Amino acid sequence: MNAIINFASNLIRGVSSNKDVFKFNGGVHPQDHKAESTTLPIAQLAMPEKLTLPLRQHVGYIPKVLVQVGDSVLKGQMLAEPEGTVSAAIHAPTSGTITAISEQVIPHPSGLPDMCITLTPDGKDTWMQLQPTDWRNTDKKALVDSLRSSGIVGLGGATFPTHIKLRTNGKSNVHTLVINAAECEPYITCDDMLMRERSDQVIKGIEIVQHLLGAEKCIIGIEDNKPLAASAMTTACANKAMQVKVVPTLYPSGDARRLIHLLLDIEIPNDKRSTDVGIQVFNIATVLAVYRYFEFGEPAINRIVTMTGNVVKPQNFEVLFGTPLQSLIAAAGGAKADTTHYIMGGPMMGFDLPNEQVPITKAANCIIAAAPDLFVAPPPAMPCIRCARCADACPVNLQPQELYWFSKSDNFEKARDYNLFDCIECGCCTYVCPSDIPLVQYYRYAKSEIIALDKAKEAADLARERNDFRLARIEREKSERVQKHAERAQAGKAEAKPAETSAMEATKEQHSAKQETATNVETATSAPTDKQAAIAAAIARAKAQKLATANAAESPTDNVAATEIAKTPEVEAAELKAKQDKQALIAAAIERAKAQKLAAAQAGLAPKNVENVSAAVQAEINETDALREKVKLATENKKSE
Amino acid sequence: MNRSPYITDAPTVSAIMLKVLLALVPGIIAYTWIYGGGILVSLTIATTTALAAEALLLKIRKRPIKPYLMDMSAVVTAWLLALALPPLAPWWLVVVGTFFAIVIAKQLYGGLGYNPFNPAMVGYAVLLISFPLIMTKWPAPLLLAEHPLSFMDQLNFIFSHVLPNDIKVDAITSATPLDYLKTQLMLKHEVASITEAPIFGQFGAKGGEIVTGAYLLGGLYLIQQRIISWHLPTAFLAALAAISFTFYAINPAHYANPLFHLMSGASMLCAFFIITDPVSGPTTPRGKLYFAAGVGVLTYLIRVYGGYPDGVAFAVLLMNMCVPLIDALTQPRVFGHKK
């Protein structure tokens, strides 16, 4: 059925299927605005006065700072080492002095400050001792391990630490390396220029990565709006085990899963990684960084950044990490007068930068100076008319109009059912929406809400588990105590007390204790899940982790036992005496209560001892009275009927 | 703040609606040619009523009036209803139908984007049930009329229900071919002899089939402009053709041929302009096929077995009810999910 529809769709749209590439659903064709920044070659940026290096420039754990304020460092020296598996190092982009380790505003959608190392360059730009690696004659594992301290992360924008993508644990099943050079977002040209100018180095980098992965095949995917880059790459990779494939310009073909589908006609299952089917994807700039690391020993200290949009001279620059944005703006001839703010990334998925002082980080592939006429503010959103243009444009084949509806109404379960988490936030839906609804915003909101709810639920589950366990413990202690009391009472009966009183007392006490237990049982069963099952499950689950808790739960009982053992005969006698007195008192009280009850029964249901009660108790009594009246009335009515 | 994407490229809602109106123009021209200028009066009355009702309700509902009036969706509803009504329908009929469509079927459900039923078809159904006599009497096309009415005559008739020279209303109106066919079949006549009556044309109604052809033209323009998807009209027309062909093949004496059904009544208007209302229709490609096919089959069944001459309005409303279910059951496979 779907095949027929697709076939018919293609016929009607007049799409000729290129046999070499395999189209995915939807996608959009925004104006690419790439020509502006490709007229000039990649330029080196002058050394800024200060470099601010955020510790969090990658996906994963924050690295551990190795330097202190006042330390002199050399170019390429490690300033922070990776901590944990998924983490990346930070290196000094130039030689100089560490002048601060403090919170600074970083380029992040949140606009919040984060820990940064500030380095004041000494102007000498002195390299540390660099150690090139003969990668062909070195053990692969050692190579990947050394890459861990290279600071290299995915430079396409994902910033995932590169060494993790190359870990093979000796049994790599990756057969195909896909090099992502699609660069599908408008305005961004850093990869385009890199391929034009440094294709030879890129190819060497690909060879290294291919070698590390053991991938016999390599496909380099380039969109057809970069003919110069494609031809440079084709020339450079002649006679190599790699192939350049030109794909039609269609946003978001640079998304890894979409690109794999385009190039290889393979859909990565939604719950799997590409490596599960033997494919690994690398951004082209990352590959170059890997080459420079092994060939020259240079760690990740700079990248190529496109500075474009509303600036006088849009251009690509090789920028040291930590360089303040304003240096980059100045190098591009300055921003035009009507510039309002700056966007990091492309216009489809980028975000607003908080100010012009933020540093360039590993994720910064492009900075766009924004102006009102460049990015027209959308008119107020109209209602969704269900035209489904968004569904036609969605590269994941989702139903954005349904996701919007569910997200808007906080119907998060439904949103999840409709595969909200498959959404890649590419923005195609918003791009084509006639009602100008900021759809992606709704999805971001719903995703964050769901994640927060999941976390809260997890915490609640844990708390309930603990509570169930606690209730079970209290109940057990209670029943133990009841048993002890009963035993004691039995013993007491043999001694001083008249037989029937003592027996009655024992029964009374047992009864009251039972009532107490019953109350507890009630509390426990009022928990949402079946108590018994929950307790069993809780105990089973918690056994390993909560051994300590269990011990703690046992200890009070132990203490009681110990106290009892330690009791001297005198104390015991005194206690017995006290207990007997108490029992006598209780017996008297019970007799009194009985008499009162009788009196009450005779005198109607008037409550006693109500002179000195608190307001709350009085209210309770009134309520009970009202209830009684009601019941009485009801009974009477029933009778009369 | 992450508020990307910063760029968009989409026609506005009003641009979409304007193109729909533009696509109706060939049909209106043909209509005017065949039945006279009265339809232009009806369209004007309907448009005015729709905009006034929309503005009134937006005001009551405390919604911004200008953007919602400018979206032109009310005008589309008005035009579709006016075109579905018999030519020379009295002014109050147009007003009542349009008012009901806008106020009850659209605004009371929440306005643009929230109406579960096609407003024009709700208006039409209300009129059909309330005023069946007026709704089933169609004037003969000008070229067939014994007493062709001038534009002024038509105008006069619409507002005062008076015809010149003491002509009786019955003299200028008759049943539609669909209606006529049904009543004649009940009198045990055969299709072949029935369709020899002068009101029948090459395929459907004499004259009416030209208007139908013009709707088809406008519809193709909408597909070409990608305002509507091909799924809906194709599935509707295919289903209508298939079911009418099946019955026709079984007993051609009792059932009209597929072409008659395709070119009669509101078939083409329905295929390209009515079931393509996005708000009350399904959104998934497969859902569109099922929905439109359902309308096609129901239209035929109501035409042949139902009590009303044309089945489009009720077929559409019945299928509108199924839309949430259709959408839920026809979710396309998401990228990377199991086939």
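**Two helices in chain B**

In chain B, Gly287(B), Tyr290(B), Phe291(B), Gly294(B), Val295(B), Leu298(B), Thr299(B) and Ile302(B) of α16(B) meet Val312(B), Phe314(B), Ala315(B), Val316(B), Leu318(B), Met319(B), Cys322(B), Val323(B), Ile326(B) and Asp327(B) of α17(B). Meeting, or contact, is when C-beta atoms, placed from the backbone, lie within 7 Å. By class, the residues of this contact are 14 nonpolar, 3 polar and 1 charged. Nonpolar covers Ala, Val, Leu, Ile, Met, Phe, Trp, Tyr, Cys and Pro, charged covers Asp, Glu, Lys and Arg, and the others, Gly among them, are polar.

A word on the source: this is a predicted model, in which local features need pLDDT of at least 70 and side-chain atom pairs count only at pLDDT 80 or more, while totals for chains, interfaces and linings use all residues. Residues are numbered from 1 along each chain as its sequence is written, and chains are lettered from A and ligands numbered from 1 in the order in which they are written.

How do the two helices pack? Helix α16 of chain B, residues 285-305, and helix α17 of chain B, residues 312-329, have axes 9 Å apart at an angle of about 150 degrees. That makes α16(B) roughly antiparallel to α17(B), a term for angles over 145 degrees. Axes here are lines fitted to C-alpha atoms over the stretch in contact, and angles run from 0 to 180 degrees between N-to-C directions. Helices are DSSP runs of H or I with at least four residues, strands are runs of E with at least two, and both are numbered from the N terminus.

**Where the chains touch**

The contact takes 34 residues from chain B and 50 residues from chain A. On the side of chain B, the elements that give two or more residues are α1 (13-35) and α16. That side has 18 nonpolar, 11 polar and 5 charged residues.

**Two residues of chain A**

The largest nonpolar core has 247 residues, and Val305(A), Phe236(B) and Val316(B) touch the most other members. Such a core is a set of buried Ala, Val, Leu, Ile, Met, Phe, Trp, Tyr and Cys residues joined through C-beta atoms within 7 Å.

Gln243(A) is in strand β11 of chain A, residues 243-247. Is Gln243(A) buried or partly exposed? With 14 other C-beta atoms within 10 Å, Gln243(A) is partly exposed; 20 or more would be buried, 12 or fewer exposed, and partly exposed lies in between, with C-beta atoms placed from the backbone.

Definitions and conventions: Angles under 35 degrees count as roughly parallel, over 145 as roughly antiparallel, 65 to 115 as roughly perpendicular and the rest as oblique.
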